[in-house]
Amino acid sequence: MFMAWALLSGLAGEIHVEHFPQDLLRRKSRVITPGAFFLESCDGTFMGDDLNEEGNAFAQAYFDFDTGSFLADYAATLGGGLPDSY
């Protein structure tokens with residue numbers, strides 16, 4: 001879902017913008033699910049060139065284990081009332 005959000009937010013790398021514009025349009029129009037988009041357009045892999053420079057900077061900062069806010073956001077959104085985040 002992160003990948004689909006990032007691409008729809010203008011953080012797509014050149015390969016998606018130049019080579020797969022129809023895939024982005026299908027995702028924007030909700031014709032395919034984020035999972036199907038990821039499998040079809042990204043071959044199920046997430047690489048640095050899937051995002052542009054801004055997208056990579058955001059992902060590195062947000063998902064950084066020591067300083068990013070992903071774990072706190074995850075716990076606040078999905079972990080309420082559970083004994084642990086797993």
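The legends below go through one predicted model, starting with the whole chain and ending with single residues.

**A note before you look.** Residues are numbered from 1 along each chain as its sequence is written, side-chain values use heavy atoms, and hydrogens and water are left out. Because the model is predicted, local features need pLDDT of at least 70 and side-chain atom pairs count only at pLDDT 80 or more, while totals for chains, interfaces and linings use all residues.

View 1. Helices (H or I, at least four residues) and strands (E, at least two) are DSSP runs, numbered from the N terminus. Follow the chain from that end and the elements read α-α-α-α-α-α. The C-alpha trace spans about 45 × 25 × 20 Å along its principal axes. Of the 86 residues, 24% are buried; that word means under 20% relative accessible area, with exposed over 50% and partly exposed in between (1.4 Å probe, protein chains only). A contact means heavy atoms within 4.5 Å. Among contacts with a separation of 6 or more, 50% join residues 24 or more positions apart.

**View 2. Eleven residues form the largest nonpolar core.** A nonpolar core is a set of buried Ala, Val, Leu, Ile, Met, Phe, Trp, Tyr and Cys residues joined through side-chain atoms within 4.5 Å. Here the members are Met3, Ala6, Leu7, Leu11, Ala12, Leu24, Ile32, Phe37, Cys42, Leu51 and Ala59. Both α1 and α4 give two or more residues to this core, and α1 gives the most, with three. Zoom in on leucine 51: leaving aside residues up to four places away in sequence, it touches Phe2, Ala6, Leu7, Leu11, Ala12, Gly13, Phe46, Asn56 and Ala59.

**View 3. Helix α4 covers residues 34-42.** Pro34, Phe37, Ser41 and Cys42 are the ones to find here, as they are buried. They lie on the same side of α4 because they cover an arc of only 80 degrees around the axis, an arc taken from the directions from the helix axis to the C-beta atoms. An α-helix has 3.6 residues a turn, so residues three or four places apart point the same way. After α4 comes aspartate 43, whose phi is positive, near 55 degrees.

**View 4. The largest pocket has a volume of about 250 Å³.** Of its 15 lining residues, Met1, Phe2, Trp5, Tyr62 and Phe63 are the closest to the centre. Helices α1 (2-8), α5 (53-63) and α6 (70-78) each supply at least two residues of the lining, and the largest share, five residues, comes from α6. The lining divides into twelve nonpolar, one polar and two charged residues.

**View 5. Arginine 27 sits in helix α3 (residues 21-28).** Is this residue buried or exposed? Arginine 27 counts as buried because its relative accessibility is 8%. Beyond residues up to four places away in sequence, arginine 27 touches Ala4, Leu8, Ile32, Thr33, Pro34 and Phe37.

**View 6. Methionine 47 is in the loop between α4 and α5.** With a relative accessible area of 48%, methionine 47 is partly exposed. Methionine 47 and leucine 82 are 35 residues apart in sequence, and 32 Å lies between their C-alpha atoms.

How values were computed. 1 Å grid on protein atoms, 1.4 Å probe; cavity = no way out; pocket = protein on both sides within 12 Å on 5 of 7 lines; lining within 4 Å. Points joined across faces, edges and corners; volume = space filled by probe spheres on them. Nonpolar A, V, L, I, M, F, W, Y, C, P; charged D, E, K, R; others polar.
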